[in-house]
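The sequence and structure come first.

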Amino acid sequence: MEAEERRNSLVIKIPDNFKGYPLNSFCVPAHYTEDLAEILLPCGLILDRVERLAKDIAIHYEDQSFRALCVLKGGYKFFADLLDRVRQYNRLSGQSSVPFSTDFIRIQSYVDDKSTGNVRVIGLDNLENIRGKNVLIVEDIIDTGRTMVALLEHLKLYEPREVKVASLFVKRTPLSNGYKPDYVGFETPDRFLVGYALDYNERFRDLSHVCVISDTGRKKYANDPM
Ligand code: HPA
Ligand code: MG
């Protein structure tokens with residue numbers, strides 16, 4: 001394969017001064033109209049970018065299998081859509097294909113919009129089955145980076161062959177520990193994002209577009225899990 005093809009695609013950087021799209025340019029559930037400030041990324045654009053990430057990932061593995069590890073709950077939409085596109089690649093590419101299996105884990109570290117610093121890995125599949133395997137961690141967002149660094153440290157115990165990380169979003173924040181994933185969909189401004197499975201106290205997982213929460217939404221759902 002040509003070197004050019006092997007290079008990962010370009011991350012889309014959303015500038016700090018990007019105002020987003022007005023809510024009434026797209027369809028937004030009526031129960032959230034007061035709770036959102038703007039649409040940062042319409043779902044259609046996310047899916048087009050996910051398609052390209054799937055291609056980057058398929059080219060990386062090229063005829064090797066991998067275990068896709070979904071970080072619940074926020075990662076479930078990205079995980080499902082990304083793997084759909086890897087399946088599509090396998091159906092259509094004809095030349096190479098990349099078999100994969102799936103595992104699910106849950107990590108808790110956020111209350112309201114704050115990273116608590118206490119990272120707990122819970123509800124695991126038996127991680128013994130990653131021993132000696134290629135693992136692709138699929139995460140919704142890297143914010144401070146603390147959760148991912150802690151997870152990578154935890155997974156070392158099981159001695160996987162290789163670990164790669166795909167995160168749909170990486171936030172530009174002064175609180176970042178500098179961690180950079182292998183595959184990134186979008187680099188975003190330092191705003192709290194909801195939708196496409198990203199939540200605020202369990203709200204907004206039923207929203208398709210990625211939006212910025214409004215002050216009203218933030219107050220309404222503070223410490224009030226659905
Ligand atoms: N939104 C939802 N969950 C998150 C975020 C965010 O902006 N950052 C870290 N976890
Ligand atoms: Mg997450």
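## Arg191 and its surroundings

A polar contact of 2.6 Å joins the side chains of Arg191 and Glu38. The model is a predicted one. Arg191 sits in the loop between strand S8 (183-188) and S9. Its relative accessibility is 19%, so Arg191 counts as buried, the cut-off for buried being under 20%.

Leaving aside residues up to four places away in sequence, Arg191 touches Pro15, Asp16, Phe18, Glu38, Leu40, Lys171 and Val212.

The structure holds 9 aromatic pairs. One of them is formed by Phe18 and Tyr21, with 5.6 Å centre to centre and 75° between the planes, an edge-to-face arrangement. Phe18 is partly exposed at 24% relative accessibility, and Tyr21 is partly exposed at 32%.

## The Phe204–Tyr221 pair

Phe204 and Tyr221 have ring centres 5.6 Å apart and planes at 80°, so this pair is edge-to-face. Phe204 belongs to the loop between strand S9 (193-194) and strand S10 (210-213), while Tyr221 belongs to the segment after helix H5 (215-220); the pair therefore ties together parts 17 residues apart in sequence.

Are these two residues buried or exposed? Phe204 is buried, with 0% relative accessibility, and Tyr221 is buried at 7%.

Definitions and conventions. Residues numbered from 1 in each chain as written. Chains lettered and ligands numbered in written order. Predicted model: local features only at pLDDT ≥ 70, side-chain atom pairs only at ≥ 80, totals over all residues. Heavy atoms only, no water. Phe/Tyr/Trp six-rings, centres within 6.5 Å; stacked < 30°, edge-to-face > 60°. Buried < 20%, exposed > 50% of the residue type's maximum accessible area, 1.4 Å probe, protein only. Helix = DSSP H or I, 4+ residues; strand = E, 2+ residues; numbered from the N terminus. Polar contact = N/O pair within 3.5 Å; in protein donor to acceptor, adjacent residues only side chain to side chain. Contact = heavy atoms within 4.5 Å.
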